[in-house]
Amino acid sequence: IQESAGFFFNLSTQQPSSKGTVTWPRKVVACAAAGHYILGSTGVGQLDVFGVRDQKNCQTLTMQGAVVSICSAFGGRAIVASEGSLTCLDPVPFERQVKKLLLQARIADALDLLNSTFGPEDPSRESQLSR
C-alpha cells in the first residue's frame, strides 16, 4: 500500500469524513478495520493498531514472522495471518478497561478512553458516565 494511507468514510452521510489520513510509522503492506480500530502491518512481523476516533497509535504488536493478511471478524475481532501463526485479536471490553484504569487512579487515561470510544453525541456516553 503506502505510508500515510487511507481516509475515513462516514456511513451516515455516504461521504468522506473530515478526518485526515492515518500516518503509519512504516510502509503498510496489509490493513483492515475491526471494531473501533484500524490495523496495519509493515509485513516484517509488526502490527500497528490505531483508534478510529482519535487516529492515535494504541498499540504495536510483534507477530511471529511477516504478516501476510489481516481481516475483521465478528464482535470487533481481527484475524491476523503471519508466516508463523494465525492470531485472533479480541478487544478488551470498555468496562473492564475503565475499571482497571480507575483502580490504578488513572483518571485522565479513563477520560481519554471514554472520549475516544464514545463521541459527544453518542447516547451510550451518558450511561457510561453515570456508572
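Two strands pair if DSSP finds at least two bridges between them, and strands (E, at least two residues) and helices (H or I, at least four) are DSSP runs numbered from the N terminus. The model described here is predicted, so local features need pLDDT of at least 70 and side-chain atom pairs count only at pLDDT 80 or more, while totals for chains, interfaces and linings use all residues. Residues are numbered from 1 along each chain as its sequence is written, and side-chain values use heavy atoms, with hydrogens and water left out.

On one side, β7 and β8 pair in the antiparallel sense over 5 bridges, and I70 has V80 of β8 as its bridge partner. The hairpin of β7 and β8 has 5 residues between the strands, and within this hairpin G75 takes a positive phi near 80°. β8 also runs antiparallel to β9, to which 4 bridges join it. There A78 stands opposite L89 of β9, and the hairpin from β8 to β9 passes through 3 residues.

In a regular strand the side chains alternate between the two faces of the sheet. In β8, the covered face consists of A78, V80 and S82, whereas I79 and A81 make up the uncovered one.

The charged side chains come next. Side chains of opposite charge can pair when their charged atoms come close. A search of the whole structure finds 2 salt bridges, a salt bridge being a side-chain nitrogen of Lys or Arg within 4 Å of a carboxyl oxygen of Asp or Glu. One of them joins D90 to R77, with the closest N and O atoms 3.4 Å apart. Because D90 lies in the loop between β9 (86-89) and α1 (94-103) and R77 in the loop between β7 (67-72) and β8 (78-82), the pair ties together parts that are 13 residues apart in sequence. D90 is partly exposed at a relative accessible area of 47%, and R77 is partly exposed at 31%; the term covers values between buried (under 20%) and exposed (over 50%), computed with a 1.4 Å probe on protein chains only.

D109 and R106 also form a salt bridge, at 2.8 Å from N to O. D109 is partly exposed at 31% relative accessibility, and R106 is partly exposed at 38%.

Which side chain of opposite charge is nearest to R125? R125, in helix α3 (residues 123-129), is buried yet has no salt bridge, and that nearest side chain is E126, 6.4 Å away. Here Lys and Arg count as positive and Asp and Glu as negative, with His and the chain ends not counted. Leaving aside residues up to four places away in sequence, R125 touches L114, N115, F118, G119 and P120, contact meaning heavy atoms within 4.5 Å.
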